[in-house]
Amino acid sequence: MTTTYAVLSEGLEKRFGEVRALRGLDLAVAEGTVCAVLGPNGAGKTTAVRLLTTLLRPDAGSARVAGCDLVREAAAVRHRIGVTGQDTSIDGDLTGRENLRLFARLHRVRGAAGRAAELLDRFGLAEAADRPASGWSGGMRRRLDLAASLIRRPEVLFLDEPTTGLDPASRTLIWDAVRELTGQGTTVLLTTQYLEEADRLADDIALVDRGRVAHTGSPDQLKDRIGAYAEVVVADADALVRAAGVLDRLTGAEPSLDRERNAVGAVTRDRTLTLPRLVRALDAAGVPLLDATLRPPTLDDVFLRLTRPSAHLIDDKERAV
Ligand SMILES: Nc1ncnc2c1ncn2[C@@H]1O[C@H](COP(=O)(O)OP(=O)(O)O)[C@@H](O)[C@H]1O
Ligand SMILES: [Mg+2]
C-alpha cells in the first residue's frame with residue numbers, strides 16, 4: 001500500500017528582509033496522522049504554518065496540501081483546510097455562539113446554528129455561549145477558535161501552538177479534540193514547543209531548527225535517540241569531581257558540571273540505568289549525595305543532542321536508523 005500525504009513540502013523557503021525564517025523545509029505528513037512540528041521560539045514554525053495555509057507565499061520550494069498545489073491551487077487548498085493561529089480570530093464584541101455562526105455563514109456552511117451548538121458543546125463552551133467573548137478566559141477563547149476552524153470539517157487541520165499558555169483543563173480538552181478528529185480521518189499538523197505535547201499526540205515529530213527540519217521520527221524513536229538525563233547534586237567541589245567520574249562511567253557521555261550548584265549531569269541512552277542503580281554506584285564510590293534525579297529529556301536536551309554540532313554523541317551507525 002502506498003502512503004498518501006496530506007502535506008508534502010519540498011524546499012520551502014521564506015525570507016523576511018535579512019531573516020531567513022525557512023531555509024528549505026521538507027515535511028511529509030501521512031493522511032490521517034498527527035504530525036508535531038516541534039521547535040523553540042523563532043525556529044520557523046509559524047512561518048511554516050502560514051505558508052502551508054496560503055497566508056504567505058513561499059519564496060522558493062513547493063508543497064501539496066490536501067492533494068492540491070499550494071501556489072497554483074491556493075483557493076482549493078483554503079477550501080480543504082482549517083487553521084487556528086497563535087492569535088485568535090475571535091470578535092470579542094460577539095458572543096461565542098455569534099462568532100461561530102458568523103464563521104459558518106462566511107464559509108457558507110449549511111445548518112450553521114446546529115453545527116455551532118454542537119461545537120460549543122463539544123468544547124465545554126455551551127454555558128458561556130451567549131456571553132460576549134471579550135469576557136472569556138484565554139483557554140475558552142482558544143477553544144472557541146479551534147471550534148471555528150472545525151466548522152467546515154477540514155481535511156487537514158493546522159494548529160499553531162494550540163496549547164501554549166493554557167491551563168491544564170483547556171489543554172486536555174484540546175488534546176482530546178485532536179485525538180477525536182484524527183479518529184475521524186482528519187490529518188493534523190500542529191506546532192509546539194512542548195516535547196510532552198508532541199509525545200502525547202503525534203504519530204510523527206518533525207524537529208525544526210533555524211528554518212529546517214533537523215530530525216524526523218516517531219516519539220519513541222526520538223526518545224531512543226535522546227535517552228534520559230541524569231543529574232547529581234553534591235556538597236562540595238571534591239565530591240563533584242568524583243560524581244562526574246561515576247556518571248561518565250555509567251552513561252558513557254561527557255558529564256557537564258555546574259560548579260555553582262555543585263551539580264553534574266549527563267545524558268544517557270542506557271535504558272537499564274535506574275535511579276537506584278545510579279545512587280548505589282555513587283554510594284559505592286563514596287560520593288556524599290544531596291540529590292539525584294533521572295528524568296526524561298527536555299526540549300533543550302533534544303535540541304542539544306539532535307540539532308547542534310555536538311550531536312556527534314550519536315554515532316553514524318545509530319544515525320542510520
Ligand atoms: N513578519 C515577519 N517579519 C520579520 N521577521 C519575521 C516575520 N515573521 C517571522 N519572522 C522571523 O522569522 C523567524 C521565524 O519566526 P516564526 O516562524 O514566527 O518562528 P516560531 O513560530 O517557530 O517561533 C524569526 O526569526 C522571526 O523573528
Ligand atoms: Mg510561532
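Here's a quick briefing on the ligand shell, the salt bridges and a surface patch in this structure. Keep in mind that the model is predicted. Ligand 1 sits with 62% of its area buried by the protein, and the structure holds 14 salt bridges. Lys 45 turns up in both stories: it is one of the residues around ligand 1, and its side chain meets that of Glu 161 in a salt bridge.

**Ligand 1 and its shell**

- The residues around ligand 1 include Phe 16, Val 19, Ala 21 and Pro 40, along with the run Asn 41, Gly 42, Ala 43, Gly 44, Lys 45, Thr 46 and Thr 47.
- Sorted by class, that shell has five nonpolar, five polar and one charged residues.
- On the side-chain end, an N or O atom of Thr 46 is 2.8 Å from an oxygen atom of ligand 1.
- Taken alone, ligand 1 exposes 550 Å², and the protein buries 62% of that.

**Salt bridges**

- Glu 161 and Lys 45 pair up at 3.7 Å, N to O.
- That pair ties together distant parts of the chain, 116 residues apart: Glu 161 is in the loop between strand S7 (156–160) and helix H6 (168–183), while Lys 45 is in helix H1.
- Both partners are buried: Glu 161 has a relative accessible area of 4%, and Lys 45 also comes in at 4%.
- Asp 69 and Arg 72 form another bridge, with the closest N and O atoms 3.6 Å apart. Here Asp 69 is buried at 10% relative accessible area, whereas Arg 72 is exposed at 70%.
- Arg 115 and Glu 118 meet at 2.8 Å, N to O. They are three residues apart in helix H4 (residues 112–122), so about one helical turn separates them.
- Within that pair, Arg 115 is buried at 10% and Glu 118 is partly exposed at 43%.
- Glu 231, Asp 258 and Arg 261 are linked in a network of salt bridges.

**Surface patch**

- Leu 289 lies in strand S14 (residues 289–295). At 31% relative accessible area, Leu 289 counts as partly exposed, and patch members need over 30%, so Leu 289 qualifies on that score.

Key
Residues numbered from 1 in each chain as written. Chains lettered and ligands numbered in written order. Predicted model: local features only at pLDDT ≥ 70, side-chain atom pairs only at ≥ 80, totals over all residues. Heavy atoms only, no water. Helix = DSSP H or I, 4+ residues; strand = E, 2+ residues; numbered from the N terminus. Buried < 20%, exposed > 50% of the residue type's maximum accessible area, 1.4 Å probe, protein only. Near = heavy atom within 4 Å. Polar contact = N/O pair within 3.5 Å; in protein donor to acceptor, adjacent residues only side chain to side chain. Areas by Shrake-Rupley, 256 points an atom, 1.4 Å probe, with all protein chains shown as cover. Nonpolar A, V, L, I, M, F, W, Y, C, P; charged D, E, K, R; others polar. Salt bridge = Lys/Arg side-chain N within 4 Å of Asp/Glu carboxyl O.
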